[in-house]
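Please consider the sequence and the model below together. The report that accompanies them is arranged by topic.

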Amino acid sequence: MKIIKNILLILITFLPVVLLIYYLLIKLNIIATDPKAQPFEIIADMDHHKKLLPQSTSDFFPDSSAFRYPVLGTVPRFGSFYKFEMTEYEKAESTFTNPIENSDFVLQRGKNRFQALCVPCHNQDGKGKGLIITKVQLKEGEEGFPEPADLTSKNTRNYSDARLFHILSAGQNLMYPISNRVNEIDRWCLVHYIRFLQKQVQDSTNE
């Protein structure tokens, strides 16, 4: 009986304190009851800092672009250094041969990279009518974005694997290079997937 009394005494003594602390934690939003509410932060750390969003502008850099290429002579993590300039496709063609045999896995990997990197411009079918062409609402007098290349055209089908790899790696016209963000193996997988798209068009048109 004495033990029960002691337990009740402890509860009566400390329960109001516990409830008060719990109430304060909720009021300060340390214990979040509303998932959309801004939590109370004792140390903000890196949660709130100035940053530039992708494809936004910047007043800091002379070209006003927030997107920055790696510092000259450096290679980003998971990226690779590509030694040829955009116009040196002949050197690339004399240097490279496709080192990867085609397979279901290679096509799936190429498709994965294509959907992540290429579809916004070249569309799912590779014909160049991606979202930047079909979904952008232009105001009167605006020219809009130039239509990307049709990757399934006869001209592109005549490109060697090495030239396609070079275009992916060094860029072409307005297309930026992806060698600084996509490794070499994945770029060759992309070449195989582009060939797959080309074959689909070729089979359907009997060209």
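## Basis of the report

This is a predicted model, in which local features need pLDDT of at least 70 and side-chain atom pairs count only at pLDDT 80 or more, while totals for chains, interfaces and linings use all residues. Residues are numbered from 1 along each chain as its sequence is written, and side-chain values use heavy atoms, with hydrogens and water left out.

Helices are DSSP runs of H or I with at least four residues, numbered from the N terminus. A residue is termed buried under 20% relative accessible area, exposed over 50%, and partly exposed in between, using a 1.4 Å probe and protein chains only.

Helix H7 spans residues 161-170 and is mostly covered, with 9 of its 10 residues buried. The buried residues are Ala-162, Arg-163, Leu-164, Phe-165, His-166, Ile-167, Leu-168, Ser-169 and Ala-170. Just after H7, Gly-171 adopts a positive phi of about 85 degrees.

The loop between H7 and helix H8 (184-205) contains Ser-179. Ser-179 counts as buried because its relative accessibility is 8%. A polar atom of the Ser-179 side chain lies 2.9 Å from the backbone oxygen of Ser-169. A polar contact is a pair of N or O atoms within 3.5 Å; within protein, one atom must be able to donate a hydrogen and the other to accept it, and residues adjacent in sequence count only if both atoms are side-chain atoms. Asn-173 is also placed in the loop between H7 and H8. Its phi is near 55 degrees, a positive value in a residue other than glycine. Asn-173 is classed as exposed because its relative accessible area is 67%.

## Other loop positions

Ser-64 is located in the loop between H1 and H2. The phi of Ser-64 is near 65 degrees, a positive value in a residue other than glycine. With a relative accessible area of 39%, Ser-64 is partly exposed.

Thr-97 belongs to the loop between helix H2 (89-95) and helix H3 (104-117). At 63% relative accessibility, Thr-97 is exposed. Thr-97 and Arg-163 are 66 residues apart along the chain, and their C-alpha atoms are separated by 9.6 Å.

## Salt bridges

A salt bridge is a side-chain nitrogen of Lys or Arg within 4 Å of a carboxyl oxygen of Asp or Glu. The count by this rule is 4 salt bridges. One of them joins Glu-88 to Lys-91, with the closest N and O atoms 3.1 Å apart. Glu-88 is partly exposed at a relative accessible area of 21%, and Lys-91 is partly exposed at 45%.

Another salt bridge pairs Lys-129 with Glu-147, the closest N and O atoms being 3.0 Å apart. This pair links distant parts of the chain, 18 residues apart: Lys-129 lies in the loop between H4 and helix H5 (131-134), and Glu-147 in the loop between H5 and H6. Lys-129 is partly exposed, with a relative accessible area of 43%, as is Glu-147 at 46%. The side chains of Asp-161 and Arg-195 also meet in a salt bridge, at 2.8 Å from N to O. Here too the pair links distant parts of the chain, with Asp-161 in helix H7 and Arg-195 in helix H8, 34 residues apart. Asp-161 is partly exposed at 25% relative accessibility, and Arg-195 is partly exposed at 21%.

## A nonpolar surface patch

Ile-10, Phe-14, Leu-15, Val-18 and Leu-19 form a nonpolar patch on the surface, with about 490 Å² of accessible area together. Such a patch is made of residues with over 30% relative accessible area and no salt bridge, nonpolar side chains (Val, Leu, Ile, Met, Phe, Trp, Tyr) being joined within 5 Å and like charges within 9 Å. Accessible areas come from the Shrake-Rupley method with a 1.4 Å probe. Val-18 is found in helix H1, which covers residues 2-27.

## The largest pocket

The largest pocket has a volume of about 1100 Å³. Of the 35 residues that line the largest pocket, Cys-121, Phe-145, Leu-174, Met-175 and Tyr-176 are the closest to its centre. H3, helix H4 (119-122), helix H6 (154-157) and H7 each supply at least two residues of this lining.

On a 1 Å grid over the protein atoms alone, a pocket is an open set of points with protein on both sides within 12 Å along at least five of seven lines, and lining residues have an atom within 4 Å of a point. Grid points are joined across faces, edges and corners, and a volume is the space filled by probe spheres set on the points.

Notes: On a 1 Å grid over the protein atoms alone, a cavity is a set of points where a 1.4 Å probe fits but cannot get out, and a pocket is an open set with protein on both sides within 12 Å along at least five of seven lines; lining residues have an atom within 4 Å of a point.
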